[in-house]
Amino acid sequence: MSQLKELLTKEMSDLLDAETQLTEALPKMAQAANHPKLKEAFEKHLVQTQGHVERLRTAFQSLGEEPESESCKAMQGLIEEGEKSIQEGSGKEPLAADLALISAAQKIEHYEIASYGTARGLARQMGLRDCARLLSHTLGEEESADFLLTAISDPLVQQLTLDDMGADVNLDKGERKQPTSRGRKSKQERGAA
Ligand SMILES: [Fe+2]
């Protein structure tokens with residue numbers, strides 16, 4: 001096997017383990033999410049991630065290689081950080097807990113984006129068009145997942161900023177209320193916001 005192909009299969013083996021680990025972590029993240037949009041994003045990405053595992057297997061086949069996974073310690077560490085965020089989040093305001101969860105999830109996405117980007121580059125360099133196309137497809141979904149998390153976090157950051165100032169904002173209608181003497185709302189009062 002050429003050195004380039006060896007590098008590519010090593011990247012793909014790392015990703016296969018990383019994606020498999022993620023299929024086990026995402027249901028816990030979805031369960032821990034407070035905002036329904038965040039919960040939905042994690043649930044949607046779980047289905048995509050299951051597809052990523054299958055697509056990687058297909059990519060291995062396109063190289064004439066058996067799919068092999070190699071323990072990905074980076075993903076293990078990132079998931080552990082996510083689990084820590086979930087544990088710490090139980091004692092926090094729902095918004096702050098969700099934002100910590102989004103932070104952990106985006107670090108995971110960025111690791112995957114970096115890995116798929118490198119793997120796709122190697123596949124393209126070797127003229128392995130089918131493999132590059134498969135990796136590109138998943139890379140696009142990882143980037144979309146990252147954009148979606150940013151889109152979900154923006155209004156949450158805005159709400160948390162106003163919360164810290166003692167104000168409130170209706171996320172669905174974009175209406176702002178004046179700060180009240182009541183200050184912060186409880187989890188029940190805030191509902192799913
Ligand atoms: Fe993925």
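What share of the contacts in the protein with a separation of 6 or more is accounted for by residues 24 or more positions apart? In this predicted model, in which local features need pLDDT of at least 70, side-chain atom pairs count only at pLDDT 80 or more, and totals for chains, interfaces and linings use all residues, the share is 69%, two residues being in contact if their C-beta atoms, placed from the backbone, lie within 7 Å. Residues are numbered from 1 along each chain as its sequence is written.

The protein contains 6 helices and 2 strands, where helices (H or I, at least four residues) and strands (E, at least two) are DSSP runs numbered from the N terminus, and the order of these elements from the N terminus on is α-α-α-α-α-β-β-α. Of the 193 residues in the protein, 34% are buried, a residue being buried if 20 or more other C-beta atoms lie within 10 Å of its own, exposed if 12 or fewer, and partly exposed in between, with C-beta atoms placed from the backbone.

Apart from its neighbours within four places in sequence, A119 is in contact with L8, E11, M12, L15 and L135.

Helix α1 has 30 residues, which at 1.5 Å a residue should span 44 Å, in agreement with the 43 Å between its end C-alpha atoms; the expected span is 1.5 Å times one less than the number of residues in the helix. At E24, α1 bends by about 30 degrees, and a proline, P27, follows within four residues, the bend being the angle between axes fitted to the seven residues ending there and the seven starting there.

Residues A18, Q21, L22, A25, K28, M29 and A32 of α1 and M75, Q76, I79, G82, I86 and G89 of α3 make the contact between these helices.

Residue K37, found in helix α2, counts as partly exposed because it has 16 C-beta neighbours inside 10 Å. The C-alpha atoms of K37 and I152 are separated by 7.1 Å, although these residues are 115 residues apart along the chain.
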